[in-house]
Amino acid sequence: MEQKPSEAKVAVSPERAWEDRGFIESWDERTDKERSIRDMQMKTVVFMIPHPREQAIRLLDVGAGYGALAAAILADRPNASAVCLDGSEEMIKLGRERNGRFKGRVEFVRGALDAPDWSSALSGSFDAVVSARALHHLTHEQRHRFFRAAHGLLNAGGCFINADSLLAPSEGLRQQYRRTRQRWIDGPSGNTEGETHASRVRLPHGAHYNGLMEDELGWLRAAGFKDVDVFWKFTNYCVYGGFK
């Protein structure tokens, strides 16, 4: 039987995954099954930015991919501008293709978040630093450094907001979270075992280093952020951050 695109495994190494357009499209299609969850995460980021909507803020989207989160913020804030930082040249090309309507308001910059000097690729300061489903690829020590650097990039009154996943406190809870998400995605008549074929397809996109929620919030406080909190949470998916 011929495999559908969403069911096919993409033969690409983890090191090259984000430079392969076929992999990116397969990943995009697979994660689209979680669109309702992703939309809640994204809207929370958009709504939690504290500045008035009419203010001409400058934001940084890190691990931006093709800039979906930045685009949502720009659509909500007509005077905002964005810098999208990502390590994949192919993602950046795709971002420029998809965000033509924000010409003059969005800039794509290539830079590796796991590099100690990742912020050297940027110029100026920002009113908001945001990220979506990217920072879990950084080790805990790299995230310590990242949070400190993000705090240093922000103007007074700015914010850091991250939409990502967390480490479940136990294996039992991790399994329950998976079943709960699957019921949400599939609906009442969906898979009751908590795992569809789509969720079993593992595309190679690097290691995950999720932290526990209390660890993540502690790292933000240690970096200098104030009013650190979880702004939204569903199973182990969350939006959290702090302010300067």
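Predicted model: local features only at pLDDT ≥ 70, side-chain atom pairs only at ≥ 80, totals over all residues.
Residues are numbered from 1 along each chain as its sequence is written, and side-chain values use heavy atoms, with hydrogens and water left out.

Let me begin with the salt bridges, of which the structure holds four, the term meaning a side-chain nitrogen of Lys or Arg within 4 Å of a carboxyl oxygen of Asp or Glu. One of them joins the side chains of D76 and R53, at 3.2 Å from N to O. D76 belongs to helix α3 (residues 68–76) and R53 to the loop between α2 and β1 (58–62), so this pair ties together parts that are 23 residues apart in sequence; helices here are DSSP runs of H or I with at least four residues, and strands are runs of E with at least two, numbered from the N terminus. D76 counts as buried at 17% relative accessibility, whereas R53, at 47%, counts as partly exposed, where buried means under 20% relative accessible area, exposed over 50%, and partly exposed in between, with a 1.4 Å probe and protein chains only.

A further salt bridge is formed by E89 and R110, whose closest N and O atoms are 3.7 Å apart. This pair links distant parts of the chain, with E89 in helix α4 and R110 in strand β3, 21 residues apart.

Strands β2 (residues 81–86) and β3 (residues 106–110) run parallel and are joined by five bridges, pairing being assigned if DSSP finds at least two bridges between two strands.

Finally, where does N236 lie? N236 sits in the loop between β6 (226–234) and β7 (237–243), and at 14% relative accessibility it counts as buried. Leaving aside residues up to four places away in sequence, N236 touches D164, S165, L166, Y177 and R181, contact meaning heavy atoms within 4.5 Å. With R181, the side chain of N236 makes a polar contact of 2.5 Å, that is, a pair of N or O atoms within 3.5 Å, of which, within protein, one must be able to donate a hydrogen and the other to accept it, and residues adjacent in sequence count only if both atoms are side-chain atoms.
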